[in-house]
Amino acid sequence: MIANAFIDHNMPQAAREVLVHEESLTPDPQPWEMLSYAGLYLQVHDAADARRCLDVYDQMAHRPDVHVTSDQTRLRLQIGLALRILDAEGLDAHGHARRAQAELAPLLAQYPNSVDLHLAMGRVYQARGEPVRALAEDQAALKLRPGNIYALAAAARDAGGADDMKTARAYASTAGGGGARQPPDMGNPRRTGPDGPFHARTAFGPGPCPCAAVRHARRGALRAA
């Protein structure tokens, strides 16, 4: 897709325009195509169209003649989780941190191995002025994915907020000294801003957008289609 090239070059508006055009030229899309469109729309931060494509995919996936692969099932889950995280952090951005926490808590209980969910909950605790609890979520994310640059940055921030400057400096040193590992398929996180091309600072504050995992899984799902 041409849209992928625009995404890779950090041109989300151009990518969205191409996506809309490409979708209009696909009168009878296959389920995997709608799942791909949902993931692409999410990467350009168009949650409404991502949800629309996901709804169409869900309707198609229930047809008896449609075979859904395990990769597509995993991608469907990741896109759904990403949208839920965006909803929760949107609440947080508008001053509804308790509601955001209430949205994330059952998801985290259901998917305790989600790095994105732990980091999202950490940002909610940080917004509520609870840096110790925020740091615990950051550390849970690091336990799942050691060396994750976003988790290290969050841990440095929240350790500082908790007045543990020694720990904050240690995390910051690891993040900035080459000990951090950039999550797969993200591109350069410093290319356009502190959170990378499609991990941009959004309306709900700094932090990695869950689109990264979506983007990585989407390619696997398409290869399996």
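Predicted model: local features only at pLDDT ≥ 70, side-chain atom pairs only at ≥ 80, totals over all residues.

Reader: How many salt bridges does the structure hold?

Author: A pair counts when a side-chain nitrogen of Lys or Arg is within 4 Å of a carboxyl oxygen of Asp or Glu. By that cut-off, the number of salt bridges in the structure is 12.

Reader: How many residues apart in sequence are the parts that Arg16 and Asp46 tie together?

Author: The closest N and O atoms of this salt bridge are 2.6 Å apart. Arg16 belongs to helix H2 (residues 12-24), while Asp46 sits in the loop between helix H3 (31-43) and helix H4 (47-61), so the parts being tied together have a sequence separation of 30 residues.

Reader: Is Asp46 buried or exposed?

Author: Buried means under 20% relative accessible area. Asp46 has a relative accessible area of 11%, so Asp46 is buried.

Reader: And which class does Arg16 fall in at 28% relative accessibility?

Author: The partly exposed class lies between the buried limit of under 20% and the exposed limit of over 50%. With its 28%, Arg16 therefore counts as partly exposed.

Reader: Which helix holds Arg76, the partner of Asp58?

Author: The side chains of Asp58 and Arg76 meet in a salt bridge at 2.8 Å, N to O. This pair links distant parts of the chain, 18 residues apart, with Asp58 in helix H4 and Arg76 in helix H5.

Terms used
Residues numbered from 1 in each chain as written. Heavy atoms only, no water. Helix = DSSP H or I, 4+ residues; strand = E, 2+ residues; numbered from the N terminus. Buried < 20%, exposed > 50% of the residue type's maximum accessible area, 1.4 Å probe, protein only.
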